[in-house]
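Student: Please take a close look at the aromatic pairs of this structure. How many aromatic pairs does the structure hold, and which rings form a cluster?

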Amino acid sequence: MVLVCSAFQLSAAQTEFYQLKIYHLKTDDQEKRVDAYLQNAYLPALHRSGIAKVGVFKPVVNETTVLAEKFIYVFIPFKSFNSVLALEQKLAKDEQYAADGKEYITALYNNAAYERLESILLKAFDDAPHFALPKLKSPMAKRVYELRSYESPSEQYFQNKVEMFNKGDEIGLFKRLNFNAVFYASVIAGSRMPNLMYLTTFEDTADREAHWKAFSADDYWKKLSTMPQYQHNVSKNDTKFIYPTDYSDI
């Protein structure tokens, strides 16, 4: 573990790290309480700690969507691995955070603000070392953000898929087609490893469909996706459609 951490620290100057927190919620009351905590206590505290942009997202729900749970996704970018480790210490010393988040922080065991809190730690790709703000004009509630997780059958296939994004220039293809990606990153701690994740953003559903239609028809994608060296490197594509809350920075 010490060796792994050292490797992360050595690369910290070149690439960012991300934490994706996923709140699993059961009731409308829990959703309101977590929203209030994030908006009034957590995000302001992160801003005070030097993290200027934090993303908060919820699932896109329509008449065909059936969700057994409610979810809130929180995306936190860090300049280094040490910054990830230091955040909780900063929050523990922030008296304003403790006051603003008291109801959430001190919730009793039989009145918890959420059912479970999942945390995924990611390291940005070499060819996309920093997250980017989407250049969109539509209202937050109308936007469609697409969070994809590509699971691989083994560590070797996973590295191959990461190479496909970097050396194979799949990232370049997304940029050329204006997918407005927020990040591309390898999961270094999570429940679905080995896997990578990335987040693309669109004005609305129609815009999303038009972009993927162009992607599928693109000559470079047709060439890249049929290269022998990049076959069978994704065993599962888990796609989540989400949108930013009105208090999200991203």
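Tutor: There are 31 aromatic pairs in this predicted model. Rings of Phe, Tyr and Trp (its six-membered ring) pair if their centres lie within 6.5 Å; planes under 30 degrees apart count as stacked, over 60 as edge-to-face and the rest as tilted. One of these pairs joins Phe-125 and Tyr-184, which are stacked at 6.5 Å centre to centre with 20° between the planes. Phe-125 belongs to the loop between strand S4 (116-124) and strand S5 (144-151), whereas Tyr-184 is in strand S6 (residues 183-189), so this pair ties together parts that are 59 residues apart in sequence. Helices (H or I, at least four residues) and strands (E, at least two) are DSSP runs, numbered from the N terminus.

Tyr-184 also pairs with Phe-174: the ring centres are 6.0 Å apart and the planes stand at 45°, so this pair is tilted. Because Phe-174 lies in helix H7 (residues 170-176) and Tyr-184 in strand S6, the pair ties together parts that are ten residues apart in sequence.

Phe-174 is buried, with a relative accessible area of 1%, and Tyr-184 is buried at 4%. Buried means under 20% relative accessible area (1.4 Å probe, protein chains only). Phe-125 is buried as well.

Over the face of Trp-212 lies Arg-148, at 4.1 Å from the ring centre; a charge sits over a ring if NZ of Lys or CZ of Arg is within 6 Å of the ring centre and within 35 degrees of the ring normal.

Residues are numbered from 1 along each chain as its sequence is written, and side-chain values use heavy atoms, with hydrogens and water left out. In this predicted model, local features need pLDDT of at least 70 and side-chain atom pairs count only at pLDDT 80 or more, while totals for chains, interfaces and linings use all residues.

How values were computed:
Buried < 20%, exposed > 50% of the residue type's maximum accessible area, 1.4 Å probe, protein only.
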